[in-house]
Every structure is written in structure tokens, then in C-alpha cells.
Amino acid sequence: REIKLGVIEGLTSDEIKVSHPDQLAGWRSPDLEFKIKGGESRMDVRRRALAALADITADDTHTDIAIMTHGGTIRLLLGGLFPDDTRFTAKLPVPNTSYTVLAADDDTSWRLESLTLTPHLG
């Protein structure tokens, strides 16, 4: 699921600038806990993505799993898995259709094998 954007949901950037400049400023801040009125925070999305990953990988009968989502969710998930890695900010470019490969080292840790690859776009 995408992030719930509350009062700015469905508005264009120009409409948001005029009608909700305070919400836009908060959203653009580095505060992951900022919650748009009626919406959810980026930290909410991170917690949701980490929980989904845990649920998906709990079934150890599968060795290879593919998960597709939006770039923002990918950045937030990676930031949760690798909190000391400063690349995983709102500025990390995640090209459309790129893929990132993670490997499970054990039940609680992950290893980043590749990040936002696009060789299929040639």
C-alpha cells in the first residue's frame, strides 16, 4: 500500500502549496514521525513495511522471494533494516522498475547485495 496522505491526498503540488503549506513543510522535513493531518507518517510506513517483510519471510519454505513496492517504501524499509547506513534517506534515488537484492544472514539480520539496479532497461 502507498502512504496515506490525509488532507493532501489527490491534490496537485500546486494545490498543496496554496491550501496546506504547513503540511507540505512538515512533509518535506527530515522528521519521519511527521504525520499529515488525517494521514500517516513515514515512520508508520516503515513499521508497516518491516512487519510485512517479517510476515513474508516467516515462511522458511521459500528461499527466493520477490517483493514489489514504491520507491519511498523501499527507502523506508531499507532505513529500518540498516539504520546506520546514511544512504537510505528521502534523497536516495530509486528508479522505476529498479530492483534491490537482500540476503538473510540469519533470522534477524540482512545483508544488502545490490541497490536499485536497472540493467533490464539497457
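Reader: Which helices each supply at least two residues of the lining of the second largest pocket?

Author: This is a predicted model. The second largest pocket holds about 770 Å³ of space. Of the 28 residues that line this pocket, the closest to its centre are Arg 42, Gly 72, Arg 75, Leu 76 and Ala 90. The elements that each give at least two lining residues are α2 (21-28), α3 and α4.

Reader: Which element gives the largest share of the lining of the second largest pocket?

Author: By class, this lining has 11 nonpolar, 8 polar and 9 charged residues. The largest share is 6 residues, and the element that supplies them is α4.

Reader: What is the volume of the largest pocket, and which residues are the closest to its centre?

Author: The largest pocket has a volume of about 1300 Å³. A total of 43 residues line the largest pocket, and the closest to its centre are Leu 53, Ile 65, Ala 66, Ile 67 and Leu 102.

Reader: Where does the largest share of the lining of the largest pocket come from?

Author: Helices and strands both take part: α3 (42-57), α4 (71-81), β1 (99-104) and β2 (110-117) each supply at least two lining residues. The largest share is 9 residues, and its source is α3.

Reader: How many nonpolar, polar and charged residues are in the lining of the largest pocket?

Author: The lining of the largest pocket is made up of 43 residues. Split by class, they are 24 nonpolar, 12 polar and 7 charged.

Reader: Why does Ile 67 count as partly exposed?

Author: Ile 67 sits in the loop between α3 and α4. A residue is buried under 20% relative accessible area and exposed over 50%, with partly exposed in between. Ile 67 has 44% relative accessibility, so it counts as partly exposed.

Reader: Which residues form a nonpolar patch on the surface, and what is their accessible area together?

Author: Ile 67 belongs to this patch, along with Ile 56 and Ile 65. Ile 65 and Ile 67 are also among the residues closest to the centre of the largest pocket. Together, Ile 56, Ile 65 and Ile 67 have an accessible area of about 240 Å².

Reader: What pattern does the protein chain follow along the sequence?

Author: The protein chain has 4 helices and 2 strands. Read along the sequence, their pattern is α-α-α-α-β-β.

Reader: What percentage of the residues of the protein chain count as buried?

Author: Taken along the principal axes, the C-alpha atoms fill a box of roughly 50 × 35 × 25 Å. The protein chain has 122 residues, and the share that counts as buried is 30%.

Terms used: Residues are numbered from 1 along each chain as its sequence is written. This is a predicted model: local features need pLDDT of at least 70, side-chain atom pairs count only at pLDDT 80 or more; totals for chains, interfaces and linings use all residues. Side-chain values use heavy atoms; hydrogens and water are left out. On a 1 Å grid over the protein atoms alone, a cavity is a set of points where a 1.4 Å probe fits but cannot get out, and a pocket is an open set with protein on both sides within 12 Å along at least five of seven lines; lining residues have an atom within 4 Å of a point. Grid points are joined across faces, edges and corners, and a volume is the space filled by probe spheres set on the points. Ala, Val, Leu, Ile, Met, Phe, Trp, Tyr, Cys and Pro count as nonpolar, Asp, Glu, Lys and Arg as charged, and the others, Gly among them, as polar. Patches are made of residues with over 30% relative accessible area and no salt bridge: like charges are joined within 9 Å, nonpolar side chains (Val, Leu, Ile, Met, Phe, Trp, Tyr) within 5 Å. Accessible areas come from the Shrake-Rupley method with a 1.4 Å probe; for residues, only the protein chains shown count as cover. A salt bridge is a side-chain nitrogen of Lys or Arg within 4 Å of a carboxyl oxygen of Asp or Glu. Buried means under 20% relative accessible area, exposed over 50%, partly exposed in between (1.4 Å probe, protein chains only).
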